[in-house]
Amino acid sequence: MSETPQDLAGSSLLAVFAHPDDESLACGGLLARCAEHGARVSLLCLTHGEHGPGRDREGLRETRARELQEAARVLGIRDVVLLDHEDGMLPWIDDARLEADVLDAIRRFRPDVVVTFDEDGLYWHPDHVAVHERTTAAVAGLGASAPALRYVSMPTGAMRALVEALSGYA
């Protein structure tokens, strides 16, 4: 027997991720469920994901920004902040700068909960790991006034199994 979900009206959640699509792949169901039950869901995305395969950077940058807005609409994400840090370079950007970006979003949206990658970044993607580290540090620096911090994780080997299962469909 499943319980009726709690009314989340008046509560808020901030998701912090590296690239457009991370929010959908990592925890899209969670974000949609929270929004559906009344929480204000916001997203901070640190890059446009412009270094992906198959297109010129500017074309991919614009496409991914549009796709992020559409995904946010479908998931019920009310606020989207898409920053201009270079894709693939988050581990080498000044820690204080990234932490300030996260803190700005926390101050702006006043979330009860912040959700980001677990320490392995789901599959050891360097940008994802940097987001985990900087978000964790930013939230920890707020002390007793910090929102709750939750991590998105997958069982060890799950991503490899998914890639292997899908490799025959390309």
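Select glutamate 99 and arginine 134 to begin: in this predicted model, the two residues form a salt bridge whose closest N and O atoms are 2.8 Å apart. The pair connects distant parts of the chain, since glutamate 99 belongs to helix α3 (residues 95-109) and arginine 134 to helix α5 (residues 126-140), 35 residues apart. Glutamate 99 and arginine 134 are both buried.

Next, select arginine 61 and aspartate 84. Here the closest N and O atoms of a salt bridge are 2.5 Å apart. Arginine 61 is found in helix α2 (residues 57-75) and aspartate 84 in strand β3 (residues 79-85), so this bridge ties together parts that are 23 residues apart in sequence. Is aspartate 84 buried or exposed? Aspartate 84 has a relative accessible area of 55% and is therefore exposed, the cut-off being over 50%.

Remain on helix α2 and select glutamate 70 and arginine 73, which lie three residues apart in that helix, about one turn. Their side chains form a salt bridge, with 2.4 Å between the closest N and O atoms. Glutamate 70 is partly exposed at a relative accessible area of 39%, while arginine 73 is exposed at 56%. How many salt bridges does a search of the whole structure find? The search finds seven, and the pairs visited above are among them.

Turn now to the surface and select Leu162, Leu166 and Tyr169. These residues form a nonpolar patch with about 360 Å² of accessible area together. Leucine 166 is located in helix α6 (residues 158-166). Its relative accessible area is 47%, and leucine 166 is accordingly classed as partly exposed.

The chain contains six helices and five strands, arranged along the sequence in the pattern β-α-β-α-β-α-β-α-α-β-α. Its radius of gyration is 16 Å, close to the 15 Å that the globule rule gives for 170 residues, so the chain is as compact as a globular protein of that length. Along the principal axes, the C-alpha trace spans about 45 × 40 × 30 Å.

With the surface displayed, the accessible area of the chain amounts to about 9600 Å², and 51% of this belongs to carbon and sulfur atoms. Of the 170 residues, 43% count as buried. Among contacts between residues at least 6 apart in sequence, 78% join residues at least 24 apart.

Terms used
Residues numbered from 1 in each chain as written. Predicted model: local features only at pLDDT ≥ 70, side-chain atom pairs only at ≥ 80, totals over all residues. Heavy atoms only, no water. Salt bridge = Lys/Arg side-chain N within 4 Å of Asp/Glu carboxyl O. Helix = DSSP H or I, 4+ residues; strand = E, 2+ residues; numbered from the N terminus. Buried < 20%, exposed > 50% of the residue type's maximum accessible area, 1.4 Å probe, protein only. Patch = residues over 30% accessible without salt bridge, like charges linked within 9 Å, V, L, I, M, F, W, Y side chains within 5 Å. Areas by Shrake-Rupley, 256 points an atom, 1.4 Å probe, with all protein chains shown as cover. Rg over C-alpha atoms; globule rule 2.2 N^0.38 Å. Contact = heavy atoms within 4.5 Å.
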